[in-house]
Amino acid sequence: MNKKLIPRAVFAFALTVCVACWAYTFGSLALYGHPGVVEWTARVTVSALATEGLLWVGALTIGWSLFDKRRTILGRLLASGRRGGSGDATP
């Protein structure tokens with residue numbers, strides 16, 4: 001499996017869950033009218049937690065990709081340093 005596909009799939013799943021929660025919250029409001037305070041609080045709380053989860057997963061996805069890029073760049077620099085890479089070192 002592609003290394004970039006895993007974080008994207010996790011983020012897509014979190015985004016789908018978040019959108020589904022908010023769609024249920026506002027869709028039930030449109031279909032059934034104004035619910036009681038307890039029902040409305042529960043729906044909005046679950047949707048807010050789904051949004052919080054989406055933000056954390058997004059931060060994890062961005063951090064994961066940046067760490068992977070940094071590791072690749074450092075690997076290239078260290079490999080070129082071992083080979084004598086740039087040639088700007090003075091004897």
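## A term to start with

A residue counts as buried when its relative accessible area is under 20%, and as exposed when that value is over 50%; partly exposed lies in between. Please keep in mind that this is a predicted model.

## Helix 1

Let's begin with the span of the helix. Helix 1 has 28 residues, and 39 Å separate its first C-alpha from its last. That is close to the 40 Å expected at 1.5 Å a residue. After helix 1 comes G33, where phi is positive, near 85°.

Which residues of helix 1 are buried? They are P7, A14, C18, C21, T25 and S28.

Leaving aside neighbours within four places in sequence, A14 is in contact with L54 and V57. In soluble globular proteins, nonpolar side chains tend to be buried together.

## The surface patch

Now for the outside. I6, V10, L60 and W64 form a nonpolar patch on the surface, and together they have about 370 Å² of accessible area. The elements giving two or more residues to the patch are helix 1 (5-32) and helix 2 (37-83).

V10 belongs to helix 1. Is V10 buried, exposed or partly exposed? V10 is partly exposed, because its relative accessible area is 40%.

Key: Residues are numbered from 1 along each chain as its sequence is written. This is a predicted model: local features need pLDDT of at least 70, side-chain atom pairs count only at pLDDT 80 or more; totals for chains, interfaces and linings use all residues. Side-chain values use heavy atoms; hydrogens and water are left out. Patches are made of residues with over 30% relative accessible area and no salt bridge: like charges are joined within 9 Å, nonpolar side chains (Val, Leu, Ile, Met, Phe, Trp, Tyr) within 5 Å. Accessible areas come from the Shrake-Rupley method with a 1.4 Å probe; for residues, only the protein chains shown count as cover. A salt bridge is a side-chain nitrogen of Lys or Arg within 4 Å of a carboxyl oxygen of Asp or Glu. Helices (H or I, at least four residues) and strands (E, at least two) are DSSP runs, numbered from the N terminus. Buried means under 20% relative accessible area, exposed over 50%, partly exposed in between (1.4 Å probe, protein chains only). The expected span of a helix is 1.5 Å times one less than its number of residues. Contact means heavy atoms within 4.5 Å.
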